[in-house]
Structures are given as C-alpha cells and as structure tokens.
Amino acid sequence: MKLNTKRVIFVGLAFMSISAFWQIYDNALPLILENNFNLSSGITGFIMGIDNILALFMLPLFGALSDKTNTKLGRRMPYIVGGTIVAVICTVLIPIAQQWSLALFMVIIMILLIAMSTYRSPAVALMPDVTIKPLRSKANAVINLMGAIGGAAMLGITPILVSADSDNYFPLFLVLAIFMAVCVAVLVFTINEPTSVAEMRSLSEEYGIDEESENEEQGSTEKMAPAVKKSFGLILSSIFLWFMGYNAVTTGFTRYAENVWGKGLGNVSMILLVAQVAAIISFIPVGMIASKIGRKKTILCGITMLAIAFGSSIMFTSFSYFMFVFFALAGIGWAFINVNSYPMVVEMSKGSNIGKYTGYYYFFSMAAQSVTPAFSGFLVDKLDNWRILFPYGCVFVALSFVTMLFVKHGDSRPELPKDKLEAFDVDD
C-alpha cells in the first residue's frame, strides 16, 4: 500500500491557491480600506472578520451540498472550478475597484468572499475522496505543506510587486489571480475525479477496507464524564483565547507597521514570511517533542514562546531587524500549539463522533477569528494608538496559558511518526 504522491500533489493545488489568496487578502485589504476609503480601524477590523463569519455556516453548507452533487466532473470539481473562476475575476477587480465608491468595492468583496466559501470545503474533501483510509494522514501532510508553500510564495513575491510605500496593488493581485487560475487549471487537467474515486474504492476493496463503515458506525450513548467535560470546555476556551491573540496580530500587523513604523506592505511581508517559514520547519521537531513530553506541555511551551514574542515586540517603536527573531519565535510557538491542539480535542471524543468534535474545534477557532479583528480595531480607535496591538495579543495568549494549565485530559502521548512526512499532518 503506497501513497500516490503525484496525485495528492495535484489535488493539493486547490488548497495551495486558497492559502495563497488568504495570505494576500489579509495583508493588503486592510491597507486599501484605511488608506483609500479612510475607514476607521474598528470598521476595517469588522470587514476583515466577515470572511470568518461566513465560514461559520457556509463551509459546512457547501461541504454537505458537494456530498450530494453528482456530475460528469464529479462531486467536488464543479464547486472548485466555479468558485475559482468567480474568485479570480473578483481578485483582479479589487485594485481596480479601490478607485470606485466604497459601496461598489464592498459588493466585489462580498462576491469574492462568497465564492471562496463555496469551494474551500469541497477542495479539502477531494483528498479523502481519492485517497485510501490508511494513507490519508500522509496525504493530508502533503496538502498542508502545499498550502504553506503557497502562502509563503505570495509573501516572498510581495516586495517585488509592491514597492515601498506604494498603494498600487494591481500587479500583486494580478499575479495572485493568475497563480490561482493556473493551480486549478492544472488540477482539472490532471485529476479525473470520478476515475480517481473509482480507483480508490477498488483499492479499498482489494485491501478489505470498508469506506462506508464510519458513516454506519453506531456510537455509544454514554455521556462525557464530568472531569473530561471540564477539560473539554477548558481546551475549547484555550483555543478561543489563543486565536483571539494570534489572529489580531496577524491581521493587524500591516496597519501597525504603517502607523507605528511608517513601513509599507513590501517591508513587513518579509517579517511575516519569516514567521511562516519558521512554523513550517518546526513541524517535524514539534512532533518529536510532543512524543517525549506530551501534548499539553508542548502546547504550554508554544504559548510561552508566543507570549514572549508578542510581549517583546511591544518595545519596538521603530522598525528593527530583531523583529525577524521575535516573529520567528512566534511562528515556532504557533506550530507547537497548532500541531497538538486538534489531536487533544478529538482525543476526548469517541470513534463515532470525531466529526462532531472537529466541528467544535472549528467553531471556537473561527468564532475567535470573527470577533478579534473588530474588537482589537475598536480598542485601537478608542485609545487612538496602534501600539495596543501587541499587548492585546500578549494578554489573550497569556490567558490561554491559564486555561490550558487546568486541562487534565486528551494528553496521551502520540507515537512518533513512522516517517517524517506524517509530522506535517496538522490542521491549518
């Protein structure tokens, strides 16, 4: 039984295009909203949280709709292709529409966000559709790695396409649109979804694997023990809190750099790139560390690193190359947290309701990402000082350390991956 790595790479192109899009959208759009339309930080933060609000109900909706779809292209491809076409057109229109009225600009943004929401779940679901169960862990590692590469590529090219202190984002969004279109075009021409699904099912039958057993399995009616329930509530609270802190900094950093340091998108994108690269190269060591000391202690170490990184960044009133060091530390800390938090959540579930507990994880993480841009922006407006951003992030991350400290369950030490690729199998 061997993973068809070539097929998984082609399937992962959809997720790569999605990750590339959000990297540029989150960094460039706040600057357009504030500089071109003179919006307050609070309103800008609210607009930046709209995609997370949509995701709370649209991602499950279109995932379920694609399950019931049956076309010559397959179940997922119509959503991936249709959503990408609309998203690509709107992406090109963003830097053009910034010269229009705010109302027309927001219409383009809303259409774009809806288009992106229609195909993210189908794009992610395509991997297990074409991959046999025992190999889905490795396949998911490839998918996540490709997403990280897509985001890093866009960060790396941003300084080339956007000159210092420039507000001309057309070259950046044009390249992004082309990148997205090429990724999905290659996917469509290399992956025949119905054929690939049939091959996966045939292989499952050959190895005696029942692909439908998960849906048919009857779970226990036993309720969660009070002690476990308490730990479950505490870890969900921790997830909410560290996303409140981390997401506020990542979505507000470009505006912080502009207002506090006087630096544009081209300058600060390299700092964000350092954080992302540090996280990517940390995945394998994090897996090894967790196998030795356990998930909870690894997460607490990550929270500590993230709090130190945000807390230390408070002292820089002007740009310093030391920021690369602290953002690298933040990237490593985030990897420590992200690799282990989702497994701790599902560790408290039963085999028949892992999907339900996965939903809990996403609800709390997405809820935080919906709230924190607007809330942090509101505080910036009230205090009229962007320097509140890093203390804000540091406080919420520190609070997650307190709640995480009292989690007593879900900390079984995972076995060391049989090969290094499996260490990348984390939720993004």
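Q: Where is Phe 170 found?
A: Phe 170 is in helix α8; helices here are DSSP runs of H or I with at least four residues, numbered from the N terminus. This is a predicted model, so local features need pLDDT of at least 70 and side-chain atom pairs pLDDT 80 or more, while totals for chains, interfaces and linings use all residues. Numbering starts from 1 along each chain as its sequence is written, and side-chain values use heavy atoms, leaving out hydrogens and water.

Q: Why is Phe 170 called partly exposed?
A: Its relative accessibility is 33%. Buried means under 20%, exposed over 50%, and partly exposed is in between (1.4 Å probe, protein chains only), so Phe 170 counts as partly exposed.

Q: What makes the nonpolar surface patch?
A: Ile 96, Trp 100, Leu 104, Phe 170, Leu 174, Ile 178, Val 182 and Val 186 make it, and it covers about 640 Å². Patch residues have over 30% relative accessible area and no salt bridge, with nonpolar side chains joined within 5 Å. Helix α8 (residues 170-190) gives the most, with five residues.

Q: How do you know that Gln 98 is buried?
A: Gln 98 has a relative accessible area of 5%, so with the cut-off for buried at under 20%, it is buried.

Q: What makes a polar contact with the side chain of Gln 98?
A: The side chain of Asn 36 does, at 3.2 Å. A polar contact needs a pair of N or O atoms within 3.5 Å, one able to donate a hydrogen and the other to accept it, so this pair qualifies.

Definitions and conventions:
Patches are made of residues with over 30% relative accessible area and no salt bridge: like charges are joined within 9 Å, nonpolar side chains (Val, Leu, Ile, Met, Phe, Trp, Tyr) within 5 Å. Accessible areas come from the Shrake-Rupley method with a 1.4 Å probe; for residues, only the protein chains shown count as cover. A salt bridge is a side-chain nitrogen of Lys or Arg within 4 Å of a carboxyl oxygen of Asp or Glu. Helices (H or I, at least four residues) and strands (E, at least two) are DSSP runs, numbered from the N terminus.
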